[in-house]
Amino acid sequence: MLPCESRFQELYHKDPEGSAFCPYRICPIGAHSDHNLGKITGLAIDKGIHIAYAPKQNGVVEMTSLQFPKRAQWHIASVPSKKQEDWADYLRGATWALSKKYALRVGISGVIDGSLPIGGLSSSAAVIISFLQALCKLNGIELVGQELIDIAYDAELNYVGVSVGKLDQSCEVLSKKNHLLYLDTKDGTYEMIPQHPAMKPYKIAIFFSGLEHSLAGSKFNMRVDELRSGVYALQAFAGLEYGKFKEANARNVPREVYETYKHRLPEPWAKRCEHWYTEFERVEKGAEAWRRGDIEAYGRLSFESGWSSIHNWESGAPEQIRLYDIMTHTDGIYGGRFSGAGFKGCCMALIDPTFEESIRRTVTAEYLKAFPEMTGKYEVFICESADGVTL
C-alpha cells in the first residue's frame with residue numbers, strides 16, 4: 001500500500017476510490033529554453049507524484065500533502081482568484097485552468113505524496129498533472145495528451161505565475177520508456193527516439209543537494225526577463241518588427257542577428273542569449289547522438305549544458321555547482337547537469353550501471369566533505385527511464 005493510501009485511510013476511515021500517478025522528468029539537454037520556444041530532449045523517470053482520492057459530491061476540494069502541513073480546501077466553482085502562497089496553489093491553478101474549459105460538478109478529497117524530495121525534477125508539473133487526472137476522472141472528462149499539457153501549462157504560468165514553457169508537462173505526458181523525447185516547443189511537434197540497440201546501458205542518478213527551492217520565489221522569472229530583454233534589443237538593433245515585451249522571443253530572432261549585435265547588449269542579457277542559442281544547437285546535436293546510440297557524446301553535451309547554466313544563465317546554488325563539478329570528474333558518469341531551475345534542488349546524471357556503487361560513494365564523500373552540514377539531508381537515488389502519465 002502506498003503511503004498516501006494509508007494516510008487517506010487514517011483521515012477518512014475508508015479506502016480511496018482511485019489513485020493517480022505522474023512521473024517526474026529529467027532534461028539532460030534543453031534547459032532554460034522552452035519559455036522562448038526552444039527545443040528540448042527529456043526522459044520521464046520511474047519516480048513521481050501519487051494521489052489517493054475519492055469524490056466529494058458537494059463540489060469541495062480537500063487535499064492533504066505528506067510533504068507539507070495544513071490541509072487545503074476550496075470549492076470547484078469558486079477557486080480563489082489569487083494564489084494563496086502555499087503548496088496547494090498548483091492544485092488551485094489546476095482547478096482554475098480545467099474549469100475554464102469544462103463544467104466541474106464533483107469535488108475531491110485526496111492525499112498527495114512525492115516519491116523523491118522536492119526540487120529539480122518538475123514536481124510542480126507532476127503535482128498538477130496527477131491532480132488533473134484525478135479531477136477529470138471524477139467528473140467524466142477525458143483529456144487527450146496535448147490538451148492535458150496545455151491545461152497544466154496554463155495553471156503554472158497564469159495562476160501560479162512561473163514563467164515556464166512546456167518542457168515539464170510534455171516530458172511527463174509524452175515520454176516512453178527507453179526513448180528520448182525530442183520536442184520542438186514552438187509548435188509541439190516531437191519525436192520519440194528509441195534507444196539504439198548498440199547503445200551502452202545507462203541508468204539515471206539523482207543527487208539531491210539537501211536544499212529546497214521555489215521557482216516563483218527564485219531568480220527564475222528574472223532570468224527569463226533578461227533573455228527577453230536581450231531579444232527585444234536585438235530586434236531593435238536589426239530593424240526587425242517587434243511588439244509587446246512579453247511577445248519577444250529568441251526563437252523568432254535568427255542566431256546570425258545575435259552574433260552580429262551581441263556586443264551591443266548589456267553583459268547579463270548577452271549571457272542569457274548565449275545560453276539560449278548554444279543550448280538550441282546542443283539539443284539538435286544531442287538528438288542525433290542518441291539516434292546513433294552514442295550516449296557518451298550525448299552525455300558530454302549534457303555536461304556542456306550544465307557549464308552554460310552556471311556561466312551563461314548564471315544559475316546554481318554553491319552546493320549544486322559543487323555537485324556538478326564532482327560529477328564531471330567521476331568515473332562512470334556519461335554526463336549530467338542541474339535539474340530544474342538550477343537555483344537549488346538537485347543534479348541528474350546519466351551513468352554506466354557497472355559504476356553505480358562507486359559513483360554513489362565518490363560523489364557522496366566529496367560532496368559531504370565540502371558541505372558537511374548537508375549530512376542527513378543529501379540523498380542519492382538511482383532511477384530508470386519510464387513511460388509518461390497514463391491517461
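Trainee: Leaving aside neighbours within four places in sequence, what is R337 in contact with?
Mentor: R337 touches C27, P28, A31, H32, S302, S305, G306, S309, Y324, M327, C347 and M348, once neighbours within four places in sequence are set aside. Keep in mind that this is a predicted model.

Trainee: Okay. Which strand does R337 lie in?
Mentor: Strand β9, which covers residues 333-339.

Trainee: And is R337 buried or exposed?
Mentor: R337 is buried, and it has no salt bridge. The nearest side chain of opposite charge belongs to E279, 4.8 Å away. A salt bridge here needs the charged atoms within 4 Å.

Trainee: Which side chain has a polar contact with that of R337?
Mentor: That of S309, at 2.3 Å. S309 is also among the contacts of R337.

Trainee: Switching topic. Why is helix α5 described as largely enclosed?
Mentor: Eight of the eight residues of α5, residues 167-174, are buried, so the rest of the structure largely encloses this helix. The buried residues include charged ones such as D168 and E172.

Trainee: Last one: how many residues of strand β11 are buried?
Mentor: Four of the five, in a strand spanning residues 379-383. β11 pairs with β8 (residues 203-208) in the antiparallel sense, over five bridges.

Trainee: Which residue in β11 is the bridge partner of I206?
Mentor: F381.

How values were computed. Residues numbered from 1 in each chain as written. Predicted model: local features only at pLDDT ≥ 70, side-chain atom pairs only at ≥ 80, totals over all residues. Heavy atoms only, no water. Buried < 20%, exposed > 50% of the residue type's maximum accessible area, 1.4 Å probe, protein only. Helix = DSSP H or I, 4+ residues; strand = E, 2+ residues; numbered from the N terminus. Polar contact = N/O pair within 3.5 Å; in protein donor to acceptor, adjacent residues only side chain to side chain. Contact = heavy atoms within 4.5 Å. Pairing = 2+ DSSP bridges.
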